[in-house]
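Have a look at the sequence and the structure first.

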Amino acid sequence: MNGKLIIFSAPSGAGKTTIVKQLLAAGLPLSFSISACSRGKREGETNGKDYYFLSADEFKSKIEKGEFLEWEEVYPGNYYGTLKSEIERIWEDGKHVIFDVDVVGGLNIKKAYPEKSLTLFVQPPSLETLKNRLQNRSTETEENIQKRLAKADFELSFSSKFDVIIVNDDLGKAIEESKEKVLNFITK
């Protein structure tokens with residue numbers, strides 16, 4: 001199979017994870033790329049399903065061995081990345097890889113596989129909407145919300161580097177638009 005890479009990026013709280021989950025549930029020939037991270041597990045998360053949870057030392061060791069397609073120190077001491085073995089696993093299974101990654105990671109994956117990648121940037125209607133979504137999650141401290149909003153402002157400046165921008169002001173429409181773009185890409 002000529003495997004492709006579908007890369008969703010967005011500021012935290014923009015809705016990319018919800019869109020990706022809906023695309024996976026739609027029966028498309030996609031498989032989710034599970035990222036590795038060095039942060040602690042949140043309630044309800046499972047190792048090998050939500051993330052590959054590694055210690056910071058384990059993560060750095062894999063960086064040194066060249067085992068990551070892309071990685072980033074998102075916050076001090078907090079690493080996220082995509083293991084090369086994860087892409088190989090999915091392609092060997094006859095599916096296309098779908099990613100839910102941060103902006104820098106998404107652009108780095110595209111750089112590694114420019115012809116095989118479609119990058120989609122999910123944009124919130126406004127920073128105010130984003131702030132409300134983060135607060136409604138009730139999983140973040142006010143300090144973390146402020147950090148995420150500052151990062152979101154930075155990430156929004158990269159949107160023009162993506163192949164497609166999906167403005168998520170209506171989740172149903174954002175899912176349908178995403179599905180259409182992905183289907184067009186994987187069938188061409």
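Predicted model: local features only at pLDDT ≥ 70, side-chain atom pairs only at ≥ 80, totals over all residues.

Residues are numbered from 1 along each chain as its sequence is written, and side-chain values use heavy atoms, with hydrogens and water left out.

Let's start with the sheet. Helices (H or I, at least four residues) and strands (E, at least two) are DSSP runs, numbered from the N terminus. An open sheet is built from four strands in the order E4-E3-E6-E5, with mixed pairing; two strands pair if DSSP finds at least two bridges between them. E4 and E5 sit at the edges with a single partner strand each, so one side of each has no neighbour in the sheet. Helix H2 (residues 56–64) packs on this sheet and touches E3, E4, E5 and E6, its direction making about 45° with that of E6. Contact here means heavy atoms within 4.5 Å, and angles run from 0 to 180 degrees between N-to-C directions, with axes being lines fitted to C-alpha atoms, for helices over the stretch in contact.

| Strands | Bridges | Direction |
|---|---|---|
| E5 and E6 (residues 78–83) | six bridges | antiparallel |
| E8 (residues 117–123) and E9 | four bridges | parallel |

Within these, Glu-70 has Thr-82 in E6 as its bridge partner, and Leu-120 has Val-164 in E9.

Which strand holds Ser-9? That's E1 (residues 5–9). Ser-9 is buried, at 0% relative accessible area; buried means under 20%, exposed over 50% and partly exposed in between (1.4 Å probe, protein chains only). Leaving aside residues up to four places away in sequence, Ser-9 touches several residues, including Leu-120, Phe-121 and Phe-162. A polar atom of the Ser-9 side chain lies 3.2 Å from the backbone oxygen of Asp-102.

Finally, the helices. H5 (residues 127–137) and H6 (residues 142–156) pack at an angle of about 145°, their axes 10 Å apart. Among the residues that meet are Leu-130 and Leu-134 in H5, and Ile-145 and Leu-149 in H6. By class, this contact has seven nonpolar, two polar and four charged residues. Here Ala, Val, Leu, Ile, Met, Phe, Trp, Tyr, Cys and Pro count as nonpolar, Asp, Glu, Lys and Arg as charged, and the others, Gly among them, as polar.

Key. Polar contact = N/O pair within 3.5 Å; in protein donor to acceptor, adjacent residues only side chain to side chain.
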